[in-house]
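Student: Please take a close look at one part of this model. I would like the strand pairing first, then the backbone angles.

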Amino acid sequence: MKTINIIPLALLVLALLAFKSAANDRYIESMQKNMQLVYTAKTIDELQMAVNAFERIGEAEKNKWEPFYYASFGYVMMATREKEAQKKDAYLDLSLKALEKAKAINPGESEITTMEGFVHMMRVTVDPATRGQQYSGLAMQTFGKAIAMNPENPRALSLMAQMQYGTAQFFGASTAEACGTLNKALEKFETFKSDNPLAPTWGKPMAEGMRAQCK
Amino acid sequence: MKNGILIALVLLVAGALAAQTKISGMVTDTKGEPIPGANILLLNTYDGTTSGADGKFDFLTSEEVIQVLVVKFIGYKEYRQSLDLTASKLTVHAVLKEEINQLEAVTITAGAFAASDESRRTIFRALDIATTAGATADIAGALNTLPGTQKVGESGRLFVRGGDGNEVRTFIDGMLVLDAYGPAAPNTPSRGRFLPFMFKGTSFSTGGYSAEYGQALSSALVLDSKDEEQSSRTDFGLLSVGADVAHTQAWKNASWAGKIGYTNIRPYFGLINQEVDWEKAPVSIEGSSAYRQRVGKSGMFKVYGNFNHSNFSLHHHDIDDPDVTTLIDINNNFRYLNGSYKTSLNEKWSLRSGLSYTLTQNDVQQDDVRVKEYDEGIHSKVVFDGSLSDKVEIRTGAEVINRDYHAAVDTSSFVPGFHEVIPAAFVEADLYASNKFVTRVGGRVEYNNLLNQLSVDPRISLAYKTGKTGQVSFAYGKFRQSPKNEWLRWDNQLAAEKSDHYILNYQLIENRRTFRVEGYYKTYSHLVKFENGNPFVLNNEGSGYARGVELFYRDNKTIRNADYWISYSFLDTERDYLNTPYAVTPSFASAHNFSVVYKHFVAKLKTQFGATYSFTSGRPYNNPNEDKFNNGRTKSYQDLSVNISYLPKPHLIVYFSCTNLLGRDNIFGFEYSTTQNNEGFYNSRAIRQPAPRFVFLGVFITLSKDKSINQLPSL
């Protein structure tokens, strides 16, 4: 009955190995579940629930940038659904605050810088007449930085394309540059690959929606 | 054996189930109102949930032993409670206490108009100054469309609530500017020396301001210069009255900007007939330079310097015989240097310090008499800002204002002047009872070397939020300011002029609409007075009062792409000072001031159109042919100004503006001959606008890597 003695031992070893990866699996699993939630949430309340979950995970996992990144994304989405200017700004403030935490953990991440630019871009929509000048410039600079950090980042490229398109349209100038950036973005959306199972995947439909304008 | 393992597994699973704890409860504020959306979590675990619309929550956890439950919601202090999870069910009632938060909390608005690009709760923006029609990019011109100001067209300066033009003091980054306006010929408007685009924030206070600002009797105009620029660029401006070029160089944590401008109004005056008989119309050359450096994580070092040289001369015609003229020639040199450093010392305290230097040399030749005026000031200051707790904020500091003034007349060996040193200290505390109620208490101690006197001026203000968007504020304070140079130079023993302000304000800001009403009462004492009408024997026996009501409404929501504001001020004031035989309404005061500013952006035309209409009721003037002093009243002043900014390309702006489009002949007052004519009558002459209209055309080009940058913010 040697086998009987081996089974508990093997189980113990397996359990120990599993414990280590289980912690990571649990992190990835919880994150993916909530990412699904934040990507599909329709209302501000649903988004708030997802954001809260990310903040809970972020509190427990002190050296992971993704929870704060997605919390920040959730707040931007809340701002897009909010109508009142002051509340919109408040959500964008919270978004930046979460982003700062992510940045402190992983300062070189292009996705984080892209999100920062996204927040500036959203600021413009609150009051285009008085903010356009200041924040659209800031947004473009930030997207430029994000592209420099990772030229393969389709989200940075696609948001940059939107800003370029808006500026060109406003001044009645050629949209060729914007459409060039958009094509690059669409290309990168196809080829974008990351070792990180939690890497962001949003932004493609938005870029595809813009394709029609560039024809 | 297989069964054995199965049994063990079942037992394990059952054990885990048995160890689960259900935590349920409710989140409310201190008044028992439910808080939905709050984040509930067990510290260092993933377990937790979000409170529902009724503030209720429940979740399961497999954690054992003692854990810390945390409840968080924006605007409230974090709630923590230890939970013993050996129980299978737990109920928690989390009561969250409000957090005093600067963004949410009530702010003191009595007397203050804050304009800032950063703070979003302001009702006036830095950009507004540049784009107001009729202001011709002059800070004072734009602020003149706000309540509390009285239009004095022949001066161009700000006059606030029955106060003289010199009762408004300008501060840049907290540092005093002695001479904030450029030189101008008699009865022609002067322009501010500082361009609006330099500043990211403007706080214009028409009374009751912080104890930090001293030596200002009626108003403090506090300008905050921009931080470091993010990108390099070169700007060119071609104007109908000159040209300028500016360059900005940006590095990682620093930037440098320089600007040189040349203004020559001669060709323009050659085209358009002027009221003033110019010998040489104004020509000026001006340069400015700004350096910004970030130091460490929170430090910011700024240096700003400005020089200006202007020159003009004109013929002054005698009132009785216009053919008799006097030539007046004015040369003015101005230097201003301002250095400041700001940093946080630790989590609670931050430091601001600065040094400013102003030098004005004015050289006036009137026929054979030459007067050389010299005014030099050094202001140094250190301020500490501390948050002692979320309910107490303290601001305290010390400063020294050192002024050296003299005016030499070449026909006399006596040089009147003074050397005034004013060391001062102030302390002020903001005490928050809640996000709804704040009290600011403070005071200012000043010593004056000429009088060898110590003075204490208390200041207090309160603000209370009446609802989500409305608030009431009250402010009281004592203010003092040394007499004007032209009086203090004759008599160094003149005491400071004093005023007391009482202000009550109500303000409502609702989704891009602002309504504001303010009432005030102000008393003046120790005003400089001529003894028995003799301007060479001065005393401090003058006094006066001012009271009024002001309304302001701004709306950039109702009409798409349009923004407008309406201001109305009512003023009742009298003062017995200088040469007045008794208390009269001074000639710079007008009872009713009304203005409407409208801006409309038409995207199709890539053009912003702006218009400003101003109305000022008649002002008093003294007619020596009448017995009663200051009994004359001018007709009302009215002006309709327009401006157009056209942006054909991202880096190109064409700007056009015209003041007094309708060409109304506004009369500001009357000058009288000093002697009677043959019929025993004093001859008079009206003080008019230098020209009915001022037309300005400019083309602004910006070269930068980022092609979307243009000079719009500076227009």
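Tutor: Start with strand 17 of chain B, which is joined to strand 18 (residues 277–295) of chain B by 11 bridges, the two running antiparallel. Strands here are DSSP runs of E of at least two residues, numbered from the N terminus. Two strands pair if DSSP finds at least two bridges between them. This is a predicted model, where local features need pLDDT of at least 70, side-chain atom pairs count only at pLDDT 80 or more, and totals for chains, interfaces and linings use all residues. Residues are numbered from 1 along each chain as its sequence is written, while chains are lettered from A and ligands numbered from 1 in the order in which they are written.

Strand 17 (residues 254–264) of chain B also pairs with strand 16 (residues 242–250) of chain B, antiparallel, through 9 bridges. Strands 16 and 17 of chain B make a hairpin, with 3 residues between them. Follow Ser255(B). Its bridge partner is Ala250(B). In strand 18 of chain B, Ser255(B) stands opposite Arg292(B).

Now the backbone angles. Most residues other than glycine have a negative phi. His526(B) is not a glycine, yet has a positive phi of about 60 degrees. His526(B) lies in strand 29 (residues 513–531) of chain B. His526(B) counts as partly exposed because it has 19 C-beta neighbours inside 10 Å. The cut-offs: buried means 20 or more other C-beta atoms within 10 Å of a residue's own, exposed means 12 or fewer, and partly exposed is in between, with C-beta atoms placed from the backbone.

Asn561(B), also not a glycine, has a positive phi of about 65 degrees. Asn561(B) sits in the loop between strand 30 (534–555) and strand 31 (562–576) of chain B. With 13 other C-beta atoms within 10 Å, Asn561(B) is partly exposed.

Terms used:
Helix = DSSP H or I, 4+ residues; strand = E, 2+ residues; numbered from the N terminus.
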